[in-house]
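Colleague: Could you take a close look at the aromatic side chains for me and walk me through how their rings pair up?

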Amino acid sequence: MDVAAALKSLVMTSSNTTAIGLGINTMTLGRGGLEVDAMTFHAASGTLSSAGTLIIAGGTFNAPRGNLTLARDLIYNSGTFDHNSGTVYFVTNSIIRGSNVCSLANVTITGALTAPTGTLNVASNFVNNGTFNHAGGLV
């Protein structure tokens, strides 16, 4: 993408090898969120903000090297989630769930975050300026 974009939602379900790259731009998603069922979403150095849920159910999601701001849940069931050494901001009431182990580089909580009941990997910084519920899982 060569321009900033604001979308209600984005669903990537094609089974071909097409990729969407954000580059250095900003993408803002509404309450419909982002669903990656196939294909590749590559945020690169851009900024991604979603008022809806981020669902990774196949394909590849490469998070931004900068900021990924989530106002809803992160659901990781299959496919590939690459944290790209960026920071995920959880800004409202969010839950991390799904069947795959989620690995994040940096986490900042300003709202409330409920971790998965299994394992949540955080490679670097974990900043809690809100409410964190471990849900009996391992961080």
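Modeller: Two rings of Phe, Tyr or Trp count as a pair here if their centres lie within 6.5 Å. Bear in mind that this is a predicted model. With that cut-off, searching the whole structure turns up 4 aromatic pairs. Take phenylalanine 61 and phenylalanine 81: their ring centres sit 5.6 Å apart with the planes at 15°, so this pair is stacked, given that stacked means planes under 30 degrees apart. Phenylalanine 61 belongs to strand S6 (residues 54-62) and phenylalanine 81 to strand S8 (residues 74-82), so the pair ties together parts that are 20 residues apart in sequence. Both phenylalanine 61 and phenylalanine 81 are buried.

Now for another geometry. Phenylalanine 126 and phenylalanine 132 have ring centres 5.1 Å apart, but their planes meet at 80°, so you get an edge-to-face pair; the cut-off for that label is over 60 degrees. As for solvent, phenylalanine 126 comes out at 33% relative accessibility, so it counts as partly exposed. Phenylalanine 132, with a relative accessible area of 24%, is partly exposed too; buried would need a value under 20%.

Key. Residues numbered from 1 in each chain as written. Predicted model: local features only at pLDDT ≥ 70, side-chain atom pairs only at ≥ 80, totals over all residues. Heavy atoms only, no water. Phe/Tyr/Trp six-rings, centres within 6.5 Å; stacked < 30°, edge-to-face > 60°. Helix = DSSP H or I, 4+ residues; strand = E, 2+ residues; numbered from the N terminus. Buried < 20%, exposed > 50% of the residue type's maximum accessible area, 1.4 Å probe, protein only.
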